[in-house]
Amino acid sequence: MAAGAHLDVERIRADFPILARKVNGHPLVYLDNAATSQKPRQVIESLVDYYERYNSNVHRGVHTLSIEATDAYEDARGKVQRFINAPSPQSVIWTRNTSESLNLVAYAWGDANVGPGDEIVITAMEHHSNIVPWQQLAFRTGATLKIIPETETGRLDMEQAAELITERTKIVAATHMSNVLGTVIDVKTLAAAAHRVDAVMVVDGAQSAPHMPVDVQDLDCDFFAFSAHKMLGPMGIGILYGRPEILEAMPAWMFGGDMILEVTYEDASWNDLPYKFEAGTPNVADAIATGVAADYLSALGMENVWAHERQLTQYALDRFAELEPIRLLGPREVDSKGGVISFFHDSIHSHDLGTALDQLGIAIRTGHHCAMPLIRSHDIVSAARASFYIYNTEDEVDVLIDGLKEADRYFSKAGVA
Amino acid sequence: MQRGLGDLDELYQDVLLDHYRNPRRTRRLESPDAEVDAINPFCGDEIHLQLLMGDGRVSKISVTGQGCSISQAAGSLLAEIVDGKTPDEARELRELFRGLMTGEELTDEQADRLEDNLALQGVRRFPVRIKCALLSWSALSDALDKVSPAG
């Protein structure tokens, strides 16, 4: 491990089979981690192990396989609970992804508690999945959606936040870290403001939980949503943390097997938490693999993960300064942002940049990043984004910068740039 | 084998780049017979297409928008080739262009009919970009259906 290094990146890289891949003849440089992370061998093997050794339905059999599957499934819930310091395993609900987690809150809590004249406050930095569920809730209930603006330096305007959160506010929903700007939002302060007016605080943690230490009790949020696939886990499984007393009072949303206590043709009653919110056969294999992913990250130490990414981001920000025609979105200082750098070229569209970089084996995100209102507010239609994780290196940042220079030369020669 | 950006030449042919830098037929029409906005929801590319008909033909066409070089050049190339065509002729061209994108074998005669649009042939080697090239053609389809419902 190099001096000053927070992670043994070489050892980590050896755990990720996909990083040995070549793309268009070049070693893969994977810089699209804010979209989804790659998976270590340990996570992949846990999926195979489950299906080869103890695949079975949970919570219903008395046979050995069902007992083993149930134990592993609930064990994984405990791992996730500890990963975000939730107060109890019952406060951790498995969903399909962050979007489903947020929809669960919007439908189950929102429809029961929001009415005409009420207000829902979100921020100008939200992913579509933390905009549209609230917008639809507002349409259904006659509530109004309010937006906390972004400052000129790419931060959240906390003064405006204090003014927008009022007695009429029922829900404050904010991303913990912007998937476009990388800005880290002080959700703890927002939660305190929400609680002063008896509103609930919903945090979209899709971009924060994989990268920084998260303690939902310290944040004092009421809901915290995130996805496994961005934190080394499999696709198709997400998590919703809910404050236990709120989950207890919240009506069920989806109905079916596993979530019931007793059913007659006249009525039905609901199972205890967390099963009240987990209708149907759950995604057992992916839940177990999510537990493995959480363990993998915990063993590295989330402080180290965060420090590694910020160091890499600082290095990248310094190197981006060499690229004259390229402009950055969001804060320029790593003290207020995580490992996400969005940028655009003065005259080359991000898709053309993305195609060129792909020729060199470099994977970045291009387009509107599922945040159209945010992208439009910057008077652009599209941006490119490089986002980092535990296995990325300064060498890879160099490859990106060289690739951007080469793309710039290519399109300049073509008369475009 | 490591490759540089040379392979991009197949995608970014001179004709395409020329249309991207200097798109044709971008003047908005005052009172078009049909007007369509097409948006690619995955990338946000936009095409705004207007048609004015006269004597059963496209007498004026305007294509504007914002997006990548492929989507915008394809719109400009479309505008040039569709100008003056009947709706049926334009639909035939659309089918030929789709064939060009999906890798169908075109006869020499069919290829000739696509004129400069053949410059987009390289797009089919970059499958993720095919939808960029087809965006304005899908706008054209909708516009044609407005002025001349498909038989």
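In this predicted model, helix 4 of chain B and helix 6 of chain B run roughly antiparallel to each other, because their axes cross at roughly 160 degrees, and angles over 145 degrees count as roughly antiparallel. Helix 4 of chain B covers residues 87-102 and helix 6 of chain B covers residues 130-147, and the two axes come within 10 Å. The crossing of helix 4 of chain B and helix 6 of chain B is left-handed. On the side of helix 4 of chain B, the contact is formed by B:P87, B:A90, B:R91, B:R94, B:F97 and B:M101. Helix 6 of chain B contributes B:I130, B:A133, B:L134, B:W137, B:L140, B:S141, B:L144 and B:V147.

Chain A is divided into two domains: domain 1 spans 9-30 + 301-413, and domain 2 spans 44-299. Their C-alpha centres lie 28 Å apart. Across the boundary, 23 residues of domain 1 of chain A are in contact with 22 residues of domain 2 of chain A. On the side of domain 1 of chain A that touches domain 2 of chain A, at least two residues each are supplied by helix 11 (302-320), strand 14 (340-345) and helix 13 (372-377) of chain A. Helix 11 of chain A gives the most to this side, with five residues.

A:F320 lies in helix 11 of chain A. The residue has 19 other C-beta atoms within 10 Å and is therefore partly exposed, since burial requires 20 or more. Leaving aside neighbours within four places in sequence, A:F320 is in contact with A:I326, A:L328, A:I341 and A:F343. A:F320 and A:L300 are 20 residues apart along the chain, and their C-alpha atoms are separated by 28 Å.

The largest nonpolar core contains 160 residues, among which A:I120, A:V172, A:M201, A:F223 and A:I288 touch the most other members. Domain 1 (9-30 + 301-413) and domain 2 (44-299) of chain A both give residues to this core, so the core lies between them. In soluble globular proteins, nonpolar side chains tend to be buried together. Not counting residues up to four places away in sequence, A:I120 touches A:V114, A:W134, A:L137, A:A138, A:A143, A:L145, A:K170, A:I171 and A:A173.

Technical notes: Residues numbered from 1 in each chain as written. Chains lettered and ligands numbered in written order. Predicted model: local features only at pLDDT ≥ 70, side-chain atom pairs only at ≥ 80, totals over all residues. Core = buried A, V, L, I, M, F, W, Y, C linked by C-beta atoms within 7 Å. Buried ≥ 20, exposed ≤ 12 C-beta atoms within 10 Å, placed from the backbone. Domains from an automatic or database assignment. Contact = placed C-beta atoms within 7 Å. Axes fitted to C-alpha atoms, helices over the stretch in contact; angles between N-to-C directions. Helix = DSSP H or I, 4+ residues; strand = E, 2+ residues; numbered from the N terminus. Parallel < 35°, antiparallel > 145°, perpendicular 65-115°, else oblique. Left-handed = near helix turned anticlockwise from the far one by under 90°.
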